[in-house]
Amino acid sequence: MATEVEKSNDFSPFRFSIAPMMDWTDRHCRGFHRVLSARARLYTEMVTTGAVLHGPRERLLGFAPAEHPVAVQLGGSDPADLAEAARIAEGFGYDEVNLNVGCPSDRVQDGRFGACLMREPGLVGACVAAMKAAIRVPVTVKCRIGVDDQDPEAALDALADAAAQAGVDGLVVHARKAWLQGLSPKENRDVPPLDHDRVVRLKRARPGMPIAVNGGIVSIAQAKAQLAGLDGVMMGRAAYADPSVLLGVDPELFGEPPPVADAFAAVEAYAPVIAEALAGGERLHAMTRHMLGLFNGRPGARAYRRHLSTLGTRNDADLATLRAAVAMVSREEPETRAA
């Protein structure tokens, strides 16, 4: 456990967060991640303004108090609609409202929001200003370093300047371009090269703006290295694929003990939440699909995943099913994590 990080209440609220991920970071995922870290800032999946304004709000925006600090990510490009959606989200109790300026999917492009807004920094500024005028909680933007043939130096500067002039409270930069033509959303997560240095240069030029980096961060050691020049780090797929990495967040980045001792204790700490959800009619798989990578690297991890992927999807699967899967995993610390 790290001792070099002094315990403090003065850390940036964006110091470490888990990225909003479509079809992944639902309330069950966030609830389980909170068991592993008390400090990580959690994000919802992107919710469009149309869904917030006209859809089932409780299902879309409801969350458990234990999830705090938690932010909602909105997708949209109409300032008035975003302001109203932000007001509604604030009413649900979110700690932050984030504007998506990074998603490259065709559906998002057709709606004129997401990464294509990198081409319209003035509109992004107008959106931020409208949300800032409507709510009191922080308004942030998650963006790319550019899209398609844009020069990342000019594109990111223009976006940051427009957001800053509108009073943005922080910027999260996915340190890759988004190619809106020729690459799928999945390829856009890996193919464009990472440029973390571009984000660091942005911070150096704007020392007063809170800036966090996203993209390619797979370990707490990497996160700590990035924090030498930035205010925050946002981890995405690595936190989902191997949730146990989050056990290092509180001790390594905040100088505080983790909420639970290990992955086995995390399962038991989350068990009452699962039991309540099962009693409410939800299926076990809705929770355990977010836990499949929890024991990666341990003997028995494959059997654990197989058990939950087969028996855990049945209508009658319950906590006993989960515990039977956990019993297949060795409690000996893997060599790669024992160091």
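**Close-up 1. The lining of the largest cavity is made up of Ile 18, Thr 25, Cys 29, Arg 30, His 33, Leu 42 and Tyr 43.** Here we look inside a predicted model. A search of the whole structure finds 1 cavity of 30 Å³ or more, and about 30 Å³ of space lies in the largest cavity. Helix 1 (27–36) and strand 2 (42–48) each supply at least two of the lining residues. Helix 1 gives the most, with 3 residues. By residue class, the lining divides into 4 nonpolar, 2 polar and 1 charged.

**Close-up 2. Cys 127 and Cys 143 are both shown with Cys 116, the cysteine whose sulfur is nearest to Cys 127 and closest to Cys 143.** The count for this model comes to 0 disulfides. Cys 127 is in no disulfide, and the sulfur of Cys 116 is 11 Å away from its own. Cys 127 is buried, with a relative accessible area of 0%. For Cys 143, the sulfur of Cys 116 is 13 Å away, too far for a bond. Cys 143 also counts as buried, at 0% relative accessibility.

**Close-up 3. Glu 256 and Arg 39 meet through their side chains in a salt bridge (2.9 Å, N to O).** Glu 256 sits in the loop between helix 11 (249–254) and helix 12 (263–279), and Arg 39 in the loop between helix 1 and strand 2, so this pair ties together parts that are 217 residues apart in sequence. Glu 256 counts as buried, at 15% relative accessibility, whereas Arg 39 is partly exposed, with a relative accessible area of 22%. Across the whole structure, the search finds 17 salt bridges.

**Close-up 4. A salt bridge joins the side chains of Asp 169 and Lys 132 (2.8 Å, N to O).** Asp 169 belongs to the loop between helix 7 (152–165) and strand 6 (170–178), and Lys 132 to helix 6 (residues 121–134); the pair links distant parts of the chain, 37 residues apart. Asp 169 is partly exposed, with a relative accessible area of 25%, and Lys 132 is partly exposed at 28%.

**Close-up 5. Arg 323 and Glu 268 form a salt bridge between their side chains (2.8 Å, N to O).** Arg 323 lies in helix 15 (residues 319–326) and Glu 268 in helix 12, so parts that are 55 residues apart in sequence are tied together by the pair. Arg 323 is partly exposed, with a relative accessible area of 39%, and Glu 268 counts as partly exposed at 39% relative accessibility.

Key
Residues are numbered from 1 along each chain as its sequence is written. This is a predicted model: local features need pLDDT of at least 70, side-chain atom pairs count only at pLDDT 80 or more; totals for chains, interfaces and linings use all residues. Side-chain values use heavy atoms; hydrogens and water are left out. On a 1 Å grid over the protein atoms alone, a cavity is a set of points where a 1.4 Å probe fits but cannot get out, and a pocket is an open set with protein on both sides within 12 Å along at least five of seven lines; lining residues have an atom within 4 Å of a point. Grid points are joined across faces, edges and corners, and a volume is the space filled by probe spheres set on the points. Helices (H or I, at least four residues) and strands (E, at least two) are DSSP runs, numbered from the N terminus. Ala, Val, Leu, Ile, Met, Phe, Trp, Tyr, Cys and Pro count as nonpolar, Asp, Glu, Lys and Arg as charged, and the others, Gly among them, as polar. A disulfide is a pair of cysteine sulfur atoms within 2.5 Å. Buried means under 20% relative accessible area, exposed over 50%, partly exposed in between (1.4 Å probe, protein chains only). A salt bridge is a side-chain nitrogen of Lys or Arg within 4 Å of a carboxyl oxygen of Asp or Glu.
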